[in-house]
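This report describes how one protein chain is folded.

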Amino acid sequence: MPDSNGVSGANIRLENLTKRYPGSAAPAVDNVSMDIKAGELIVFVGPSGCGKSTTLKMINRLIEPTSGKILINDEDVTNIDPVGLRRKVGYAIQSSGLFPHMTVAQNISLVPKMIGWSKGRVDARVAEMLDLVGLDPTEFRGRYPRQLSGGQQQRVGVARALAADPPVLLMDEPFGAVDPITRDHLQDELIRLQHELHKTIVFVTHDFDEAIKLGDRIAVLRERSHIAQFDTPEAILTNPADDFVSGFVGAGAALKRLNLTRVRDVPVVEVPTAGVDDPLQSIFDIMGSGSVTELLLLDRHNRPYKWLRRGDLMRAKGSLARAGTLVSHHVTDDSTLRDALEAVLTDSAGRVAVTGKKGEYLGVVDMETLMNSVQELLQADRLDAIEHRAELADAAGGQVHREQEGAS
Ligand SMILES: Nc1ncnc2c1ncn2[C@@H]1O[C@H](COP(=O)(O)OP(=O)(O)OP(=O)(O)O)[C@@H](O)[C@H]1O
């Protein structure tokens with residue numbers, strides 16, 4: 001359960017963690033130290049073979065460290081028995097890792113059973129977890145993994161990892177094997193889940209876009225898991241520590257920045273609206289008033305239905321049934337600005353309707369809103385980066401001062 005601050009995760013501390021595989025000249029992970037706060041979603045991102053998975057798997061001791069320590073809530077994980085560790089740390093991997101000869105329910109109940117939950121409690125938990133990841137329990141609990149799509153298997157993999165309510169969740173490229181659209185959905189789902197659950201999540205990917213979308217903080221790793229930069233996505237995008245990180249960020253930092261902001265965080269534009277049942281005359285009256293050349297017709301549930309232009313009304317001949325252009329796409333207030341930009345660019349009139357949770361109309365985003373927002377965001381990031389650098393310089397100055405005092 002989340003505490004009063006809404007946090008249910010645990011702190012994780014890696015201390016001088018090293019892994020040397022037998023027969024390898026160089027360590028795969030070399031002296032890595034890192035502090036992860038309870039409730040944070042941390043992404044390890046870096047090139048193939050840099051040691052991301054090895055570092056991750058040492059946290060739940062699937063791989064034993066050669067030296068160094070891992071502390072979860074200040075407890076050394078080497079002192080926790082394997083069953084206790086499964087209770088504390090959930091684990092989800094690429095291609096879901098489900099056991100093919102077990103049903104969905106059996107897969108999800110593995111750890112709860114292992115730690116001795118009663119049958120009733122396990123059954124209820126399976127249903128709760130399936131609900132949580134958006135699968136209907138009656139339909140899915142008896143299926144075998146081969147009877148599920150890739151995306152559904154991944155959802156069950158996440159449900160299984162969360163079943164015993166562990167404070168820590170490790171995810172090793174969990175969405176690596178699904179198509180880009182499903183991947184996008186699963187990422188959105190994970191963001192939603194994390195808003196609800198506040199676990200401490202360590203997520204491995206080699207996809208930088210995935211890292212910025214998901215991470216509260218990102219650890220950009222280079223060879224042997226050396227940390228090139230460990231900071232917020234905003235700071236990494238606007239202030240990469242060195243050429244290695246810049247190379248990883250790649251081109252288009254401003255576009256990537258759009259992935260970090262949601263439509264609900266920017267001002268939407270109001271456009272004139274009318275309801276489908278409004279008398280035609282009142283719609284004529286709105287259109288007749290000065291500068292209004294277009295209005296948005298809403299259906300009976302207040303959802304965007306059609307765009308109506310002045311010319312459409314002229315041709316309407318007493319009925320709106322055939323007039324106007326159906327609203328073919330819209331974004332929600334949860335969509336990223338990048339999704340909104342995509343929608344605005346593909347819309348012939350350069351604007352898109354924004355809807356809320358139930359599809360209700362909230363406003364419109366157009367090119368001007370997007371451009372203004374991006375300018376403001378980048379400006380704010382730059383100021384943050386300058387402030388951050390000043391703080392670091394102050395801290396370093398203080399350290400030198402203390403050392404000098406110590407020496408004297
Ligand atoms: N069991 C093993 N025995 C020997 N070497 C290994 C073993 N597992 C991994 N390695 C080596 O350790 C290094 C780090 O591997 P690791 O799988 O942690 O990297 P990664 O960053 O997760 O890579 P990827 O993104 O390709 O999955 C690699 O050079 C790899 O070849």
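In this predicted model, Gly-150, Gly-151 and Gln-154 of helix α6 meet Thr-182, His-185 and Leu-186 of helix α7. Helix α6 covers residues 150–162 and helix α7 covers residues 180–197. Two packed helices are described by the angle between their axes and the distance between the axes. For α6 and α7 the angle is about 25° and the axes are 10 Å apart. Angles under 35 degrees count as roughly parallel, and α6 and α7 are therefore roughly parallel to each other. The crossing of α6 past α7 is right-handed.

The protein as a whole has 15 helices and 17 strands. Its C-alpha trace spans about 80 × 65 × 40 Å along the principal axes. There are 408 residues, and 36% of them count as buried. Among contacts with a separation of 6 or more, 64% are between residues 24 or more positions apart.

The chain is divided into two domains: domain 1 takes in residues 12–249, and domain 2 takes in residues 264–369. Taken over C-alpha atoms, the centres of domain 1 and domain 2 are separated by 41 Å.

In soluble globular proteins, nonpolar side chains tend to be buried together. Here the largest nonpolar core has 66 residues. Ala-159, Leu-170, Val-202 and Phe-203 are the residues with the most contacts inside this core. Which residues does Ala-159 contact, leaving aside its neighbours within four places in sequence? They are Ile-108, Met-129, Leu-130, Leu-132 and Val-133. Another core, of 26 residues, lies apart from the largest one, and Leu-295, Leu-298, Leu-337 and Val-344 are among its members.

Most residues other than glycine have a negative phi, and most peptide bonds are trans. Asn-73 has a positive phi although it is not a glycine, and Asp-74 likewise has a positive phi without being a glycine. Asn-73 lies in the loop between β4 (67–72) and β5 (75–76), and Asp-74 also lies in the loop between β4 and β5. The table lists both residues.

| Residue | Phi | Other C-beta atoms within 10 Å | Exposure |
|---|---|---|---|
| Asp-74 | about 65° | 8 C-beta atoms | exposed |

Methods:
Residues numbered from 1 in each chain as written. Predicted model: local features only at pLDDT ≥ 70, side-chain atom pairs only at ≥ 80, totals over all residues. Domains from an automatic or database assignment. Core = buried A, V, L, I, M, F, W, Y, C linked by C-beta atoms within 7 Å. Buried ≥ 20, exposed ≤ 12 C-beta atoms within 10 Å, placed from the backbone. Contact = placed C-beta atoms within 7 Å. Axes fitted to C-alpha atoms, helices over the stretch in contact; angles between N-to-C directions. Helix = DSSP H or I, 4+ residues; strand = E, 2+ residues; numbered from the N terminus. Parallel < 35°, antiparallel > 145°, perpendicular 65-115°, else oblique. Left-handed = near helix turned anticlockwise from the far one by under 90°.
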